[in-house]
Amino acid sequence: MNALICFYSRTGATRALAQNIKEILLDHNVECRIEEIEDLKNRDGKIGYAKAAKDAFMGKETEIEEVTYAPADFDMVLLGTPVWSGTIAPAIRTYLNKYKNDLNKVAFFCTHGGGGESKTFKVMGKICGLEPQATLSLRDKDVKKVKHFEVLEKFVKQLDI
Ligand SMILES: Cc1cc2nc3c(=O)[nH]c(=O)nc-3n(C[C@H](O)[C@H](O)[C@H](O)COP(=O)(O)O)c2cc1C
């Protein structure tokens, strides 16, 4: 069994969650790689934020850096995104549209600012045409709280690994 954790993160919360998930998968002896998707569009500052919110709301794609790993080489791909305008970030939309036919089993995770996952997981499932084995949604402020390791364990236990 091997797994790829593939995520986009603008300010680090989703990256921190991805790292936590990786540690737990390694504890379960799952061979695990991490792929951070890079959005080539500048998302810095207030203008970057406003455009990011609009692009996500409009369901736009973006240009992303070439990836390191082929998702088809993995039994499971765990896909992570921040919630932007109640949905997925454009970088994850681009990745999913590009690689949807290369995915075997999937699980989804996201971080948000308090509004919950909203449409995020439904949109991810719809694009790749797969039901996730598990989903995990955490508020940005909560990612580093130790108590969430229980939630992470529960998430990982739902996976067919
Ligand atoms: C453009 C933009 C739109 C956002 N929209 C939402 C939203 O609709 N609901 C919500 O709860 N949080 C929203 N947030 C907050 C992020 O989802 C949250 O801070 C997330 O943890 C950031 O992840 P990151 O640090 O990995 O980039 C938004 C943030 C940005 C930058």
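**View 1. Thr 81 reaches out to Ala 89.** The side chain of Thr 81 comes to 3.1 Å from the backbone nitrogen of Ala 89, a polar contact (a pair of N or O atoms within 3.5 Å; within protein, one must be able to donate a hydrogen and the other to accept it, and residues adjacent in sequence count only if both atoms are side-chain atoms). A word on what you are looking at: this is a predicted model, in which local features need pLDDT of at least 70 and side-chain atom pairs count only at pLDDT 80 or more, while totals for chains, interfaces and linings use all residues. Residues are numbered from 1 along each chain as its sequence is written, and side-chain values use heavy atoms, with hydrogens and water left out. Thr 81 is found in strand E3; helices (H or I, at least four residues) and strands (E, at least two) are DSSP runs, numbered from the N terminus. Thr 81 is buried, with a relative accessible area of 0%; buried means under 20%, exposed over 50%, and partly exposed in between (1.4 Å probe, protein chains only). Leaving aside neighbours within four places in sequence, the contacts of Thr 81 include Tyr 8, Thr 14, Ile 92, Phe 109 and Met 124, where contact means heavy atoms within 4.5 Å.

**View 2. Five strands make an open, parallel sheet.** The order of the 5 strands is E2-E1-E3-E4-E5; two strands pair if DSSP finds at least two bridges between them. E2 (31-36) and E5 (135-139) stand at the edges with a single partner strand each, so one side of each has no neighbour in the sheet. On average, neighbouring strands are turned by 15 degrees against each other, direction ignored. For such angles, axes are lines fitted to C-alpha atoms, for helices over the stretch in contact, and values run from 0 to 180 degrees between N-to-C directions.

View 3. E1 (residues 2-7) pairs with E2 in the parallel sense over 6 bridges. Here Asn 2 has Glu 31 as its bridge partner, and Leu 4 stands opposite Arg 33. Asn 2, Leu 4 and Cys 6 on one side of E1, and Ala 3, Ile 5 and Phe 7 on the other, are all buried.

View 4. Helix H4 (residues 120-128) lies across E3 (76-82), E4 (105-112) and E5, running at about 150 degrees to E4. Helix H5 (residues 148-157) also lies across E3, E4 and E5, at about 165 degrees to E5.

View 5. Of the 20 residues around the ligand, Ser 9, Thr 11, Thr 14, Val 83 and Thr 111 come nearest; a residue counts as near if one of its heavy atoms lies within 4 Å. A backbone N or O atom of Gly 12 is 3.0 Å from a ligand oxygen atom, and one of Gly 86 lies 2.9 Å from an oxygen atom of the ligand. A polar backbone atom of Ser 85 sits 3.0 Å from a ligand nitrogen atom. Taken alone the ligand exposes 640 Å², and the protein buries 85% of that; the areas come from the Shrake-Rupley method with a 1.4 Å probe, and for residues only the protein chains shown count as cover.

**View 6. Asp 73 is exposed.** Asp 73 lies in the loop between helix H2 (45-57) and E3, and its relative accessible area is 55%.
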